[in-house]
Every structure is written in C-alpha cells, then in structure tokens.
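Have it open while you read, and go through the points in order.

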Amino acid sequence: MSSIKIELRQEDVTKIKEICASFNNDPQELINVLHKCQEHFGYLPAEVQEVVSNELVVPVAKIYGVITFYSFFTMTPKGKHPVSICMGTACYVRGAEKVLDEFRKELGLQVGQTTSDGKFSLSSLRCVGACGLAPVVMVGDKTYGRVAPDDVRNILKEYE
Amino acid sequence: METVKLTIDNKVVEVPKGTTVNKAARQLGIEIPTLCYMELHDLNIENKPAGCRICVVEVQGRRNLAPSCVTKCEENMVVKTHTTRVLNARRMVMEFILSDHPKDCLICAKSGNCELQSMAHQLGIREIPGQEIASISTYRKDTSPSIIRDLDKCIMCRRCEMMCNTVQTVGALSAVNRGFMAAVAPAFEQNLEYSTCTYCGQCVAVCPTGALTEVDHTPDVLRTLADPTKTVIVQTAPAVRAALGELFGMEPGTLVTGKMVTALRALGFDYVFDTDFAADLTIMEEGTELLDRLNRHLKGDKTARLPILTSCCPGWVNFFEEYFPDLKDVPSTAKSPQQMFGAIAKTYFAEKIKVDRKDLVVVSIMPCLAKKYECQREEFSTDNNRDVDFSISTRELASFIKQANIDLNNLDDGEFDDPLGESTGAGVIFGNTGGVIEAAVRTAYELHTGKKLERPDFTELRGLEGVREATIDFNGIPLKIGIAHGLGNARKLLDDVRSGKSQYHAIEVMACPGGCIGGGGQPLHHGNSDIIKARAAAIYAEDKSKPIRKSHENPFIIKLYEEFLGKPNSEKAHHLLHTHYFDKKKKIVVKQ
C-alpha cells in the first residue's frame with residue numbers, strides 16, 4: 001500500500017497524543033486509537049502511525065499490519081464526501097455493480113481513489129445492514145436506498 | 001502435578017495437564033510433521049501460530065481434524081496421527097502451499113536445507129494440481145547489507161515475526177495485508193534497511209524456506225583470492241569452529257579448529273588468523289575500561305558511568321542505537337573483535353609485511369549476519385578502504401569449502417599463523433553467552449587485585465537462562481555482573497539502567513539466544529536446542545584445552561602493546577581500537 005508523505009503540525013501531534021492518552025496509552029486499545037485517529041484525520045498516513053507507535057509503545061510494523069488487515073482503515077485520504085457502494089450479497093444481486101460502474105464513470109475514479117479536488121472518494125463495502133433497501137449507497141453519513149444507475153447523477157448533484 | 005492419560009497411535013502416554021498433543025506424541029517418539037511450529041526448549045522459545053495445518057491429527061469423537069500444536073491433551077483422548085483422512089488433509093494443505101510457491105529449488109539458496117522441500121519429499125508430493133491455472137503472488141525482492149528477503153518463498157509460518165517481536169523485541173517485522181497479498185514485512189513494506197532491524201539474523205535462523213537468507217559474499221572473496229596483486233588474510237570467530245562440522249555430517253559439538261585452518265589455507269588465503277586473538281585484545285581494552293570506571297566510581301567520581309556494557313555484538317550495538325540512544329555513553333567504547341582485528345591487520349600487520357592497506361584484503365568468518373553490516377559502517381573505513389573487507393557466515397564458508405571439493409572430514413589439523421593467530425582460552429569463550437564477561441573477569445581480577453587466580457573457570461557466569469547474575473569477590477569489593485542473551489532479555493536490563501534501578505557494575509549482552517554459537521549465520525538448528533548446547537560445551541572444552549586461558553598472558557598481545565600500541569587505552573589504542581555510537585532512533589518530523 002502506498003502512502004503519501006506528509007508533515008504533521010504540532011497540533012496534529014498533540015491531538016494524536018490526546019487520543020492515545022484517552023485510552024491510557026494502552027497497547028491493547030490500538031484498534032480503538034486508530035479508529036479515533038482516522039475519524040479525526042480522515043485517513044492514517046505513516047506519520048500518524050509513527051506517533052501512535054511512540055505513544056502506545058507498539059512497533060510501527062505491527063500498526064501497519066493492523067491497518068492493512070482491516071479494510072475499514074485506509075492510508076489514502078478520503079474525499080470530503082466519501083461515496084461507498086454496498087457490495088453485500090443482497091445489494092449485489094439487486095444491481096449494485098451497475099450502480100458502482102455509474103459512479104466510476106461519473107467521477108472518473110476507481111475504487112479506493114479520490115478526485116484531484118479532494119471532493120469525492122469512491123469505495124465499496126460489505127453489507128451495511130440495510131438489505132431491505134438494497135442496493136444501498138452511502139455518501140458520508142447519509143444513506144440512499146434502492147439506488148438505480150439513473151439516480152447517480154442526482155445524488156452527486158446534492159454535493160456540488 | 002495433575003496429569004492426563006491418553007492414547008496416541010495405540011500407545012498410552014501420561015503427560016502433565018495442559019500438554020499439547022504434538023509434545024505428548026514426541027514423548028512416544030512420534031514426530032508429527034509441521035512447517036510453522038518450532039520450539040527451542042532450553043531457550044524458552046516457542047512458535048505456535050497454528051498456521052500451516054500440516055500437523056493435524058484425528059481425535060476420536062471430534063468432527064474436525066485437530067492441529068496438534070495447539071490441541072491440549074485430555075483424559076482418555078484417543079489420537080491417530082496418520083490415518084488416511086489425516087494424510088489426505090496434509091497432502092492437500094501441502095499442495096495449496098506449493099501452488100503459491102516458486103519451483104526453482106535447483107538454484108535456491110536453501111536447497112537441501114529447506115523444511116518445505118523436505119516436507120514435500122516426506123509427504124510424497126509428486127504433482128501440484130491446478131498449478132497451470134493458478135497465478136503465483138509475487139513481491140519485490142529486498143536486499144539489505146546483511147539479509148535478503150524473497151517473499152515469493154514465504155509460507156507465512158511467522159517464525160521470523162515471533163523471533164523479531166517476542167524474543168528480540170526489535171519489532172521490525174509484522175504480518176501485513178490479507179489473502180494472496182499477505183506477507184511478513186517491515187512497516188509500510190519498506191526495505192529492511194529503513195526499518196528498526198538490527199541484522200541479528202534470528203529471522204534467517206528460523207526461516208523454514210528460502211524467504212530469508214544472508215547476502216552471499218563468497219563470490220567477492222573468490223575474486224580477491226584470484227587476484228595476484230592482493231594479499232588476502234582471514235580471521236575466524238570462536239563460534240565457527242564449534243559448528244562448521246555440522247555442515248559436513250559431523251555430530252553437533254564437534255570442534256573442527258585444525259581442519260578449518262587447513263581448509264582455509266587450501267582455499268588460498270595467504271594468512272590464516274584467529275578472531276580469538278582480537279578477542280584477547282578486546283579484553284585488554286574493555287577490561288581496562290571497566291577497571292578505570294570502577295576505580296573512579298569507588299573514589300566517588302559521579303561522571304564514571306556504571307554499569308559498563310559490553311560492545312562486541314553488532315546486533316546489540318544496532319539495538320541500543322535504535323532503542324536506547326540516550327544511553328549511548330554507557331557501553332564500552334571498545335570495538336568488536338572483528339573490527340579490532342581489521343584495524344590491527346591493516347596497520348600493524350600491513351607494516352610488518354610491507355603491504356599497502358589497499359592491497360591487503362581482510363575476510364572474516366562469522367557466526368553472525370550483523371557482522372556484514374558492521375564491517376560496512378563508515379567509521380570502520382580509512383580512505384574508503386574497509387578495515388574488514390568482507391564478512392561471510394559459517395554457512396557461506398561451508399558452501400565455499402564444498403565448492404572447492406575439499407572434504408573437511410579428511411583434513412589434517414593445521415595451526416593458525418603468527419602473530420594474529422595466537423589466542424587464549426579467554427578469547428575462545430567469547431562465542432558463548434557469559435563468555436565475554438568471564439574472559440573480562442579473568443583479566444580484570446588479576447590486574448585489580450594483583451593476585452593470581454587459582455582457577456580461571458567462573459561457572460556461575462555460565463548457562464542458558466535468558467537473564468543471569470552473579471557477584472564476584474574482587475578483593476573485598478563485590479563486583480555485580482548481569483548477563484543477557486537475546487535482545488528481549490537485554491531490553492529488561494537496559495530498562496533498569498535507564499530508570500536508575502540497575503545495581504550491576506558490568507553487563508554482558510549478546511543479541512542471539514545462546515550467544516554467538518546460536519548466531520544468525522550458523523548452521524540451521526531446525527528447532528533443536530540440543531545443538532546449541534552441544535556447541536556451548538565444545539567452546540568450553542576448547543578453552544579448557546588451551547595452555548593459556550587469560551587474555552593478558554597472550555605473548556603476542558603483550559608484544560603488540562610493546563611494539564605498537566603502548567598500553568591499553570593509550571592514545572593510539574583509542575584511535576585504532578575504540579569507537580563511538582550514534583542515535584539512530586527515527587524522529588517525528590513536525591511542520592514549523
């Protein structure tokens with residue numbers, strides 16, 4: 001997995017330290033710490049992992065291992081409006097792939113990528129637990145149900 | 001102790017409660033095959049990720065086959081280790097592993113010594129179904145100064161990860177990614193060179209396949225030996241002679257000192273010398289430094305840093321530069337024997353034989369992979385000419401001897417050349433955990449007390465326990481000594497030094513479990529710690545057989561000081577035989 005080289009600001013370092021401290025710098029809480037960090041930064045660049053490593057005294061190789069194991073964690077920044085298409089069984093059989101294709105075409109992105117203006121990113125996920133609404137698309141925290149390929153353009157328009 | 005009785009392959013066995021099925025089977029002489037499980041009993045090291053699934057067995061009454069490495073014995077359990085179902089399962093697991101493994105066994109560095117190859121043979125695998133449609137996952141090859149990672153050959157046994165994290169606490173390697181992309185790698189899948197790796201080589205020592213191997217320098221050595229303008233000299237570390245024979249079919253613990261010397265001469269080295277000579281020299285410098293710090297401390301000098309830490313082990317030096325840079329003024333400044341040898345060879349000896357240092361090539365034979373990195377450190381070069389040009393491992397030397405069709409078994413015993421080949425028993429024991437400090441005590445005791453030691457053996461400093469301590473009476477002063485082998489054990493002692501709790505005057509650290517005899521460049525032990533014990537015994541036997549057993553009595557060391565260095569810790573000795581350490585901890589960069 002490639003990573004973008006960034007430099008943290010002092011307040012970023014302070015924030016990471018605060019998050020770690022809120023879990024008593026307990027190495028057992030690594031996943032919770034990473035969740036909070038990703039919530040704050042939107043993603044988990046190498047530099048964030050290094051600070052977490054120092055605070056929790058967990059080798060940075062281990063942290064990278066955890067991040068690459070769980071698909072929820074990402075090392076590439078998500079867009080301001082992250083678009084996720086559910087590819088769970090129910091959504092899949094009701095045409096999620098065609099919906100995903102339409103998002104790909106409209107945004108000019110592959111899964112895992114972010115638009116150059118940082119506005120949208122595209123990802124697929126497994127079952128959000130709303131199978132009755134299949135196929136389901138999420139943009140940020142908002143859920144769209146029974147999405148057809150024709151709806152894609154209108155959904156994106158809401159965020160223009 | 002509570003015990004349970006069970007039946008394995010129709011034989012009854014009684015074992016302590018909590019024993020796993022594979023260990024109970026071993027008690028009956030049944031070796032259940034495995035690829036990931038590994039135990040070094042005497043060193044308290046065990047790897048059981050239950051990952052490979054080769055060790056499955058049938059347990060009566062259970063629906064699924066059970067991995068014997070993690071299945072605990074129960075009262076009246078009935079286990080079968082080789083039913084048709086078990087053999088078919090093992091075969092299928094093996095076929096899956098092999099379907100994602102390169103088939104270049106003929107030219108693989110591990111060929112003939114590979115546990116995967118042996119297992120394929122043992123299970124009688126003759127074809128790999130589906131391989132014509134399956135694609136093999138490929139990874140970027142990573143070559144560091146000491147170790148090559150070729151993860152195409154990794155089978156995810158995770159022994160290396162266990163060594164790196166649990167035993168050594170180095171934390172350079174972790175399992176990363178999932179599925180076909182899964183691998184054991186440093187953070188961000190960077191090269192090992194940019195990780196916290198100390199090059200201790202314990203990952204290489206336990207790797208069952210060719211995924212982790214050493215950088216082979218034998219072609220470089222062969223090239224210099226063929227160059228008529230070069231004078232090529234060789235130095236051999238103490239632990240090599242106690243293990244080299246294993247690669248020629250000899251029993252573990254067979255000493256091959258004389259045969260090794262003859263083989264090296266036959267390979268074409270102009271002078272065959274001994275690192276043990278430099279080990280004696282190390283004792284003169286390090287022992288003097290210890291006494292100096294001790295005497296200053298006793299006089300109330302607060303600047304005298306105690307405990308003094310030994311500095312012979314390059315994996316250990318890399319470790320404290322990475323993890324304890326704040327303590328970098330605590331270890332002895334004495335160079336390692338390998339580097340002391342190089343420094344003396346390229347000055348004192350080069351002058352003696354009137355050869356320019358650029359035409360003098362120093363090769364070292366080491367049980368170690370970190371030595372490859374050590375000899376490449378910038379501070380150990382003069383005008384871009386290294387003090388030690390190439391370092392090759394015990395395994396590489398064996399391969400070199402075989403390439404030259406020399407049969408080590410049938411060689412006469414040779415003698416090391418003078419003047420850098422003469423050593424004492426104190427130099428020999430450098431190969432064992434506790435050996436460096438025992439050698440230092442032999443000399444420091446006599447220099448400090450002015451009394452002659454009745455008996456040079458300090459058995460209280462010996463053994464295989466991870467952390468040991470002993471108190472030696474120095475004429476009324478109780479000298480407190482700590483010993484650690486394995487970097488995880490060293491970390492415990494270092495944490496105490498950092499927090500000011502350490503009560504020791506001197507601490508010896510060796511990075512590898514067992515010391516150099518268990519080094520990353522030694523013949524592979526394949527999880528048998530009896531081999532390491534046999535090597536340790538051989539080292540002490542060689543010490544015992546030496547007429548001189550204290551470094552300061554080595555006549556060639558005495559002569560070296562008279563002719564060249566003056567006295568221990570003199571300005572010249574400092575210039576040639578001492579070094580300094582660096583802060584290698586990665587810093588968090590903050591944007592201003």
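1. Let's start where the chains meet. Across the interface of chain B and chain A there are two salt bridges, a salt bridge being a side-chain nitrogen of Lys or Arg within 4 Å of a carboxyl oxygen of Asp or Glu. Lys62(A) and Glu161(B) pair in a salt bridge, at 2.6 Å from N to O. Chain B puts 21 residues into the contact and chain A puts in 20 residues, where contact means heavy atoms within 4.5 Å. About 1,700 Å² is buried between chain B and chain A, with 58% of that from carbon and sulfur atoms; buried area here is the accessible area (1.4 Å probe) that two parts lose on being put together, summed over both.

2. Some ground rules before you go on. This is a predicted model, in which local features need pLDDT of at least 70 and side-chain atom pairs count only at pLDDT 80 or more, while totals for chains, interfaces and linings use all residues. Residues are numbered from 1 along each chain as its sequence is written, chains are lettered from A and ligands numbered from 1 in the order in which they are written, and side-chain values use heavy atoms, with hydrogens and water left out.

3. Now the inside. The largest nonpolar core has 72 residues, and those touching the most other members are Leu244(B), Leu264(B), Phe269(B), Trp316(B), Leu397(B), Ile401(B) and Leu408(B). By nonpolar core I mean a set of buried Ala, Val, Leu, Ile, Met, Phe, Trp, Tyr and Cys residues joined through side-chain atoms within 4.5 Å; buried is under 20% relative accessible area, exposed is over 50%, and partly exposed is in between (1.4 Å probe, protein chains only). Domain 2 (99-214) and domain 3 (219-577) of chain B both contribute residues, so this core lies between them; the domain bounds come from an automatic or database domain assignment. Leaving out residues up to four places away in sequence, Leu264(B) touches Val234(B), Thr236(B), Phe269(B), Val272(B), Ile365(B) and Leu397(B). Another core, of 30 residues, lies apart from it and includes Leu34(A), Val51(A), Val58(A) and Val60(A).

4. Chain A is assigned two stretches, domain 1 (10-69) and domain 2 (81-157). Their C-alpha centres, domain 1 of chain A and domain 2 of chain A, are 29 Å apart.

5. Have a look at helix H2 (residues 84-99) of chain B. Its 16 residues should span 22 Å at 1.5 Å a residue, and the end C-alpha atoms are 22 Å apart, which agrees; the expected span is 1.5 Å times one less than the number of residues. Helices (H or I, at least four residues) and strands (E, at least two) are DSSP runs, numbered from the N terminus. Among the buried residues of H2(B) are Val86(B), Arg90(B), Met94(B) and Leu98(B). The buried residues of H2(B) pack against strand S5 (56-59), strand S7 (78-80) and helix H3 (115-122) of chain B.

6. Over all chains, the structure holds 52 salt bridges. One of these joins Lys23(B) and Glu39(B), at 3.6 Å from N to O. That pair links distant parts of the chain, with Lys23(B) in helix H1 (residues 21-27) and Glu39(B) in strand S3 (residues 38-40) of chain B, 16 residues apart. Lys23(B) is partly exposed at 28%, whereas Glu39(B) is buried at 16%.

7. Glu289(B) and Arg293(B) also form a salt bridge, at 3.2 Å from N to O. Both sit in helix H8 (residues 275-298) of chain B, four residues apart, about one turn of the helix. Glu289(B) is buried, with 8% relative accessibility, and Arg293(B) is buried, with 7%.

8. Finally, check the backbone. The peptide bond from Ala134(A) to Pro135(A) is cis, with omega near -10°, and Pro135(A) lies in the loop between strand S3 (120-125) and strand S4 (137-139) of chain A. The bond from Asp418(B) to Pro419(B) is cis too, with omega near 5°. Tyr199(B) is not a glycine, yet has a positive phi of about 60°, and at 5% relative accessibility Tyr199(B) counts as buried.
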